[in-house]
Amino acid sequence: MPLALNYTEGTMTPEAGLEAGRRITDAFLKWHGLAGNAVMTPNVTMQIQALPKTGALSGGRPVDGAWLECKTPSFVLVDREIQVGFFREATGIIFEAAKGDLPKDRIWTNLVHTVDGTWNMDGEAMTNEELASRISQG
């Protein structure tokens, strides 16, 4: 499940971005009860990218910020408690990675759900039911 962390240059170091990515991945698995799951752990991927200072806008103006986007099957992150808990924890991780210099109102998160049957794992497009069955094997 690809997660993407983008941040403007200077808001955190590349090393802090990598550590934040690792911790967010761990939090994602934890909040879904999948920590240590042999199937899901390698399939939660993270792309981390530092954007140039002129590469991000808020209200049409350059902004220092961080963005976390999660792309998941439609059955993931549907429970409100998990949504609130995971995104709160992820925001805190990003805040810490920026050493408190990036206010939380400049950390944005979102979720994109895929259409059932379009999720690809191990080179195979799977339905939600097929994917859940595969995950339960881990």
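Reader: What makes strand E1 and strand E5 count as a pair, and in which sense do they run?

Author: Two strands pair if DSSP finds at least two bridges between them. Strand E1 (residues 2–8) and strand E5 (residues 66–72) share 5 bridges, so they meet that rule, and their sense is antiparallel. Tyr7, for example, has Ala66 of E5 as its bridge partner. Do keep in mind that this is a predicted model, where local features need pLDDT of at least 70, side-chain atom pairs count only at pLDDT 80 or more, and totals for chains, interfaces and linings use all residues. Residues are numbered from 1 along each chain as its sequence is written, and side-chain values use heavy atoms, with hydrogens and water left out.

Reader: Why are E2 and E6 called edge strands?

Author: The open sheet has 4 strands in the order E2-E1-E5-E6, with mixed pairing. Strand E2 (45–51) and strand E6 (107–113) each pair on one side only, which puts them at the edges. Neighbouring strands here are turned by 15 degrees against each other on average, direction ignored.

Reader: How do you know that helix H1 packs on this sheet?

Author: Contact means heavy atoms within 4.5 Å, and H1 (residues 14–31) touches E1, E2 and E5. Its direction makes about 150 degrees with that of E1, on a scale from 0 to 180 degrees between N-to-C directions, using axes fitted to C-alpha atoms (for helices, over the stretch in contact). Helices here are DSSP runs (H or I) of at least four residues and strands are runs (E) of at least two, numbered from the N terminus.

Reader: What makes Arg23 and Glu96 a salt bridge?

Author: The definition asks for a side-chain nitrogen of Lys or Arg within 4 Å of a carboxyl oxygen of Asp or Glu. Their N to O distance is 2.9 Å, so the pair qualifies. Arg23 is in H1 and Glu96 in H2 (residues 80–97), so the pair ties together parts 73 residues apart in sequence. The whole structure holds 8 salt bridges.

Reader: Which residues does Ile82 contact beyond its sequence neighbours?

Author: Leaving aside neighbours within four places in sequence, Ile82 contacts Trp31, His32, Leu77 and Phe87. Ile82 sits in helix H2, and its C-alpha is 6.1 Å from that of Trp31, 51 residues apart along the chain.
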